[in-house]
Amino acid sequence: MLPLCMAQHFSIRLYAQTTVQKLFALCKQRDNLKHLSKKYAVMENCLKISVKHGNSVKNAQKLQEDFYFSSFHPVAHYSIETIFHELPRLANITQEEWIPLDVVNRCRVNGTDYLSLNNTDSSLKQFSVASWVLKSSGLSEEEDSVVAMQTNFQKKLIPWRSLIPDEELRPSKIEPAVKKEGLIVVASLVDRLPNLGGLSRTCEVFGVSEYVIANLKCVEDKQFQNLSVTAEHWIPISEVKPHLLAKYLESKKEDGYTVIGAEQTAIAFVSVMSDFQRRTVFVIR
């Protein structure tokens, strides 16, 4: 751990320093380990001085208050409840992916000699999602709870987004290259920001040539960015207002594009396009 305490990356260095400080405190609490704290007292003092510089004091304090450093015990809390409910909750994973104990009980899953069903104490239940985790997702604690109740969408998880904010991790604005031909996805009739953000991520995965929305200001919204996960930096995005959509589609037809529409209705059906045209406009409603 000591080499990591001097790592160049701020987040790695901070986590290592906080961890080693916790180890020193543990050594002082146990009689058979007190000699280690005395042997490496110089190192402990150096760590205390290092943490006091810059933003390290505030961030180190946040880490000390986090459930993982202040309460979590890998043996005492080794249970089905922790794995499938408490850890996903504290990691800010979308609520639809939590599995509470009542669901486990209905499935008739029992604990074993090695893995208990529930925790023997309620210490983890007293913790909420860390503020720096919510900050990395672009939402406050109140906003995050509102989004969880009002929407049902899939989150893309990127581990390094949950690290302490660092200038090295902030994406720079990159103007994506516009392709001359290919699939164009039109979402001008979609008005929910999380859906628009998720669609932009899908467009990035499939390498679309253009992503069309009703208002470019949506890209700057936190709800959009929380689902797009920087996809807007890598695909061309343009604006077409709904009242101009018919004219836009006609112009694309004149340019040789095939227009395909998708709408979710009671009489809608799914068709698999085996012969996908290279120049296609895909309209989503």
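Which residues have the most contacts inside the largest nonpolar core? In this predicted model, select Val185, Ala187, Leu196, Cys203, Tyr211 and Ile213; they hold that place in a core of 15 residues. Now colour helix 10 (193–206) and strand 2 (210–213), each of which supplies at least two residues of this core. Helix 10 gives the most, with 4 residues.

Leaving out residues up to four places away in sequence, Cys203 touches Val185, Val208, Tyr211 and Ile235. Next, select Val240, Leu245, Leu249 and Val283: they are among the 10 residues of a second, separate core.

Move on to helix 1 (residues 10–29) and helix 3 (residues 41–51). Their axes are 10 Å apart and the packing angle is about 140°. Angles over 145 degrees would count as roughly antiparallel, so this pair is classed as oblique. The crossing of helix 1 past helix 3 is left-handed. To see where they meet, show side chains for Gln17, Val20, Gln21, Phe24 and Lys28 in helix 1, then for Met43, Glu44, Leu47, Lys48, Ser50 and Val51 in helix 3.

Last stop: Ser37, in helix 2 (residues 34–39). Is Ser37 buried or exposed? Ser37 counts as buried because its relative accessibility is 9%, and the cut-off for buried is under 20%. Show the backbone of Lys34 as well: its oxygen lies 2.6 Å from a polar atom of the Ser37 side chain. Beyond its neighbours within four places in sequence, Ser37 is in contact with Phe24, Cys27, Lys28 and Glu44. Of these, Phe24 and Lys28 in helix 1 and Glu44 in helix 3 also take part in the meeting of those two helices.

Conventions. Residues numbered from 1 in each chain as written. Predicted model: local features only at pLDDT ≥ 70, side-chain atom pairs only at ≥ 80, totals over all residues. Heavy atoms only, no water. Core = buried A, V, L, I, M, F, W, Y, C linked by side-chain atoms within 4.5 Å. Buried < 20%, exposed > 50% of the residue type's maximum accessible area, 1.4 Å probe, protein only. Contact = heavy atoms within 4.5 Å. Polar contact = N/O pair within 3.5 Å; in protein donor to acceptor, adjacent residues only side chain to side chain. Axes fitted to C-alpha atoms, helices over the stretch in contact; angles between N-to-C directions. Parallel < 35°, antiparallel > 145°, perpendicular 65-115°, else oblique. Left-handed = near helix turned anticlockwise from the far one by under 90°.
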